[in-house]
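I'm opening my notebook on a new structure. Let me jot down what I look up as I go.

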Amino acid sequence: LKLDRTLISIDKEIMELLETYQLQASAAGIELELVADEPLSPVSADSQHLRRVFKNLLDNAFKFSKPNTKVTVSLSESPDEVRVSVQDQGMGIRSEDLPFIFDAFGRGRTSSDKEGFGLGLAGAKRIVKAHGGRIEVRSEAGQGSTFTVVLPK
C-alpha cells in the first residue's frame, strides 16, 4: 500500500464527508451528529486512503441502522494520538463474530441479508495499519457498534 502523505486536518476531512452524507441520512431517517470539543492536531496521512476508511465506517453505520436512530461521529485526541469514532444504534455484532470482522470476506451472520462482500473493514484495517494506527470496535448484538480509528500524531 503506497501512501501519499501530507499534513491534513482530520476535522476538515470528516466535516466534508458528513456534508456529503447528510442527504442520505435524512432520506434514511437517521440523525447524523458530530461531536468535537476542540479542533484536532494535524496528522501526516494520505487523505484519499483515510477518506476510504471513514466512508466505509459511515456506509456500514447507515447500512446496519434503522430509521429514527442516530449515527454519531466523535473526534478527540490525546498527547500522542488522534481518534475518530463512528457510533451507530444499529443491530450490533454478535460477540462470536467480532474476532473475524476485519478478515477479508468476514461477515457476521446478522449481516447476511445486507449487500457487500465483507471486504470493507479488512481494507480499512490495512489502511489504518499502514498509517501506524489501529482500528478498534466495541459492539453488542442489538445495541449498535462503535468503530474507532486511532492515528499517531
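I start with contact, which I take as heavy atoms within 4.5 Å. By that rule, and leaving out residues up to four places away in sequence, I find Val-43 touching Thr-6, Leu-7, Ile-8, Ile-10, Val-82, Pro-152 and Lys-153.

A note on what I'm looking at: this is a predicted model, where local features need pLDDT of at least 70, side-chain atom pairs count only at pLDDT 80 or more, and totals for chains, interfaces and linings use all residues. Residues are numbered from 1 along each chain as its sequence is written, and side-chain values use heavy atoms, with hydrogens and water left out.

Where is Val-43 found? I see Val-43 in strand β3, residues 43–45 (strands are DSSP runs of E, at least two residues; helices are runs of H or I, at least four; both are numbered from the N terminus). Val-43 counts as buried because its relative accessibility is 2% (buried means under 20% relative accessible area, with a 1.4 Å probe and protein chains only).

Next I turn to helix α1, residues 10–28. The buried residues of α1 are Ile-10, Asp-11, Glu-13, Ile-14, Leu-17, Leu-18, Tyr-21 and Ala-25. Just after α1, I find Gly-29 with a positive phi of about 70 degrees.

What does α1 meet in α2? Residues of α1 including Ile-14, Leu-17 and Tyr-21 meet residues of α2, among them Leu-50, Phe-54 and Leu-58. I sort the residues of this contact into 10 nonpolar, 2 polar and 5 charged (Ala, Val, Leu, Ile, Met, Phe, Trp, Tyr, Cys and Pro count as nonpolar, Asp, Glu, Lys and Arg as charged, and the others, Gly among them, as polar).

Key: The expected span of a helix is 1.5 Å times one less than its number of residues. Buried means under 20% relative accessible area, exposed over 50%, partly exposed in between (1.4 Å probe, protein chains only).
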